[in-house]
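Here are my notes on the model, written as I went through it. Have the viewer open while you read.

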Amino acid sequence: MPVLEIANLTKDYEVGFFRKRKVRALDDLSLSVDGGQIFGFLGANGAGKTTTLKLLMRLIFPTSGSAKILNRDIGDVRMHERIGYLPENPYFYDYLTAREFLEYCAQIFGSPSAERRKRTADLLSRVKLDEKSWDKQLRKFSKGMLQRVGLAQSLINDPEIVFLDEPMSGLDPVGRREVRDLIASLRDDGKTVFMCSHILSDIEVLCDRVAILKRGKLAQVGHLEELRQRTDDPNRMEILATGADASDLQPPANAIVSSTPRGLRIEIAGENEIENVLVALRKAGGKVVSIQPVKQSLEELFMD
Amino acid sequence: MDEQLRTLDAAQATKHHEESRPAGYGSLGRISAIARNAFREALRDRVLYNLVLFVLLLTGAAIFIGELSGGQERKIIVDLGLSAMLLFGVFIAIFVGVGLVYKEIERRTIYAIFSKPVGRGEFLVGKYLGLCFTLMVNVVVMGIGVSLALIYVSRGWDPLIPTIWPAVLLIYMQLMLLTAVALLFSSFSSPALSALLTFMIFIVGHFSADLKVLAVSLGSTSARWFFTALYYLLPNLSNYSFITPAAHGRTPAAGFVFANASYALVYITVILAAATLIFSRRNFK
């Protein structure tokens with residue numbers, strides 16, 4: 001069932017002081033996200049990802065269109081009891097400690113004090129924030145540590161749907177791995193995750209469905225495999241071989257040969273050319289490692 | 001059937017979340033959480049350090065002025081103490097008040113707060129009450145300071161001690177009014193401009209009775225309307241000045257204090273409602 005339904009959402013900003021003109025940040029976005037999945041919201045800088053999230057969080061108001069989260073209009077404050085949000089490059093009250101900040105967030109949701117303390121400790125452990133830092137003021141935190149506190153606060157109310165804006169930003173490789181595992185575990189808990197990112201490898205590993213936004217417009221939406229099938233040429237094949245040198249090889253005229261760390265990669269237009277490549281490889285003393293259809297990476301989809 | 005199940009699931013999930021909160025929790029609970037945090041912010045930003053300066057000023061006055069003033073030292077202590085209380089309070093109300101909301105927008109701390117079930121009005125009222133509580137602590141500690149200084153110069157109990165407190169209460173009401181005005185300006189303008197406008201309101205507010213006199217004396221109808229409107233629009237702060245009478249041992253009538261409290265309550269409510277209206281339409285880019 002859809003937990004997020006966006007219908008024709010449009011946002012114009014006015015820029016300029018004397019000569020005001022409108023800039024369209026989001027253009028007629030319609031989208032539906034089912035529950036229990038990780039949904040990747042992709043786009044280059046300025047594509048409208050953060051604008052969409054801010055609209056959903058009612059930090060800004062739409063020029064036109066509407067959206068429903070968990071069957072409630074985004075203007076309905078009660079809906080916010082059931083969602084979590086991690087802003088991009090989160091800034092929190094730097095005079096508070098991590099523990100105080102989370103307890104404050106829990107207080108807003110009306111958690112009783114014993115429960116508040118327990119939930120705070122559980123979440124700080126879950127985001128793997130070093131226990132020595134729990135009682136340090138946030139002004140002393142690194143970007144990565146703030147990101148972890150941000151993730152913890154987004155989960156303070158045990159939300160059904162979590163909106164994460166660039167959750168991996170500021171994290172080192174170990175941190176990224178840990179956050180990736182955390183996001184996957186949220187799905188295992190039955191939660192829906194809506195994440196904006198431009199780190200494509202994370203999206204590729206984590207997301208069940210993705211939407212690609214380009215200059216404020218929805219370019220593509222679907223399962224990653226679906227999107228690839230839409231754009232892939234089903235006839236194109238790639239052959240990976242070792243033991244042969246590109247200069248010794250005499251492949252068919254339209255083959256694309258490239259050297260990769262794993263060996264020679266030969267891309268051909270169709271299956272009927274496989275035999276010709278195999279003959280050429282044998283002549284050059286090469287050994288076939290794999291033959292498979294060419295798949296576009298998410299990056300290629302993103303760049304199209 | 002699917003639709004029915006879906007609605008049922010959503011209803012159950014809502015019920016689960018609503019049941020997990022303590023009974024009676026709502027707007028007041030959220031406002032109180034925000035107010036407590038605003039008070040903590042003021043403490044950690046060392047706003048109350050002004051008390052140290054105040055104590056030094058008063059101690060100096062108690063020790064040195066007594067030597068010079070030939071029996072007027074008690075009056076001077078009250079005059080100086082309450083005037084400093086007003087001045088320090090105005091300084092806090094304006095400079096902390098205009099930053100209350102602006103800082104949150106500038107540092108983007110409100111992003112995480114407004115994604116939670118916090119109404120914009122609740123946020124403003126919470127921040128406002130947090131600063132009012134800070135000011136209350138400030139004036140109470142300063143009031144105690146003035147009382148102790150009186151005990152020191154009188155070498156014992158002083159009959160002026162109970163008479164200063166109604167004046168302290170009126171100063172506090174004035175500071176609450178001014179904080180609301182600062183908050184209103186900061187809901188749509190920059191801190192520097194808000195501070196300037198609030199300071200102007202503070203000054204003009206003390207002369208608002210003169211505006212009425214001016215309106216009556218003017219020949220032109222439109223000018224009369226303008227100044228009368230201005231008189232009703234601006235807070236009448238002159239009613240809250242009771243420092244000099246307090247220094248002479250006079251106390252205001254209960255009816256006067258009650259009328260001023262009612263006026264402050266109505267004025268603050270209107271100002272906060274206007275601030276909420278403006279703030280509710282703001283886009284946080």
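What share of the 304 residues in chain A is buried?

1. Burial and overall dimensions. This is a predicted model, so read everything here with that in mind. To answer the opening question, 40% of the 304 residues in chain A come out as buried. The secondary structure of that chain amounts to 9 helices and 14 strands.

2. Domains. Chain A splits into domain 1, covering 2-230, and domain 2, covering 234-295. Taken over C-alpha atoms, the centres of domain 1 and domain 2 of chain A are 44 Å apart.

3. Strand β1 of chain A (residues 2-15) holds A:I6. Is A:I6 buried or exposed? It has 24 C-beta neighbours inside 10 Å, and the cut-off for buried is 20 or more, so A:I6 counts as buried. On the pairing side, β1(A) runs antiparallel to strand β4 (residues 64-69) of chain A, with 5 bridges joining them. A:A67 in β4(A) is the bridge partner of A:I6. Another pair to look at is A:I6 and A:T52: they sit 46 residues apart along the chain, with 9.6 Å between their C-alpha atoms.

4. The β1/β2 hairpin. β1(A) also pairs with strand β2 (residues 21-34) of chain A, again in the antiparallel sense, over 10 bridges. Within that pairing, A:Y13 stands opposite A:V23 in β2(A). The hairpin has 5 residues between the strands, and A:G16 takes a positive phi near 90° there.

5. The six-stranded sheet. Chain A has an open sheet of 6 strands in the order β6-β7-β8-β3-β9-β10, with mixed pairing. Which strands stand at its edges? They are β6 (83-86) and β10 (217-223) of chain A; each has a single partner strand, so one side of each lacks a neighbour in the sheet. Direction ignored, neighbouring strands of this sheet are turned by 15° against each other on average.

6. β8 and its partners. Strand β7 (residues 161-165) and strand β8 (residues 192-197) of chain A pair in the parallel sense over 5 bridges, and A:M195 in β8(A) is the bridge partner of A:L164. Strand β3 (residues 38-43) of chain A pairs with β8(A) in the parallel sense too, over 5 bridges; here A:F41 stands opposite A:C196 in β8(A). How many of the 6 residues of β8(A) are buried? The count is 6 of the 6, so β8(A) is largely enclosed by the rest of the structure. In a regular strand, side chains alternate between the two faces of the sheet. For β8(A), both faces are covered, with A:T192, A:F194 and A:C196 buried on one side and A:V193, A:M195 and A:S197 buried on the other.

7. The four-stranded sheet. Chain A also contains an open sheet of 4 strands, ordered β12-β13-β11-β14, with antiparallel pairing. The edges belong to β12 (256-260) and β14 (287-293) of chain A, each with a single partner strand, so one side of each has no neighbour in the sheet.

8. Helix pairs in chain B. Over in chain B, the axes of helix α4 (residues 73-106) and helix α6 (residues 120-154) come within 10 Å and cross at roughly 165°. α4(B) and α6(B) are therefore roughly antiparallel. The residues of their contact divide into 19 nonpolar, 6 polar and 3 charged. For helix α9 (residues 208-217) and helix α10 (residues 221-233) of chain B, the axes come within 8 Å and cross at roughly 160°, so α9(B) and α10(B) are roughly antiparallel as well. What about handedness: is each crossing left-handed or right-handed? The crossing of α4(B) and α6(B) is right-handed, whereas that of α9(B) and α10(B) is left-handed.

Definitions and conventions. Residues are numbered from 1 along each chain as its sequence is written. Chains are lettered from A and ligands numbered from 1 in the order in which they are written. This is a predicted model: local features need pLDDT of at least 70, side-chain atom pairs count only at pLDDT 80 or more; totals for chains, interfaces and linings use all residues. Domain bounds come from an automatic or database domain assignment. Axes are lines fitted to C-alpha atoms, for helices over the stretch in contact, and angles run from 0 to 180 degrees between N-to-C directions. Helices (H or I, at least four residues) and strands (E, at least two) are DSSP runs, numbered from the N terminus. Angles under 35 degrees count as roughly parallel, over 145 as roughly antiparallel, 65 to 115 as roughly perpendicular and the rest as oblique. A crossing is left-handed if the near helix is turned anticlockwise from the far one by less than a right angle, and right-handed if clockwise. Ala, Val, Leu, Ile, Met, Phe, Trp, Tyr, Cys and Pro count as nonpolar, Asp, Glu, Lys and Arg as charged, and the others, Gly among them, as polar. Two strands pair if DSSP finds at least two bridges between them. A residue is buried if 20 or more other C-beta atoms lie within 10 Å of its own, exposed if 12 or fewer, and partly exposed in between; C-beta atoms are placed from the backbone.
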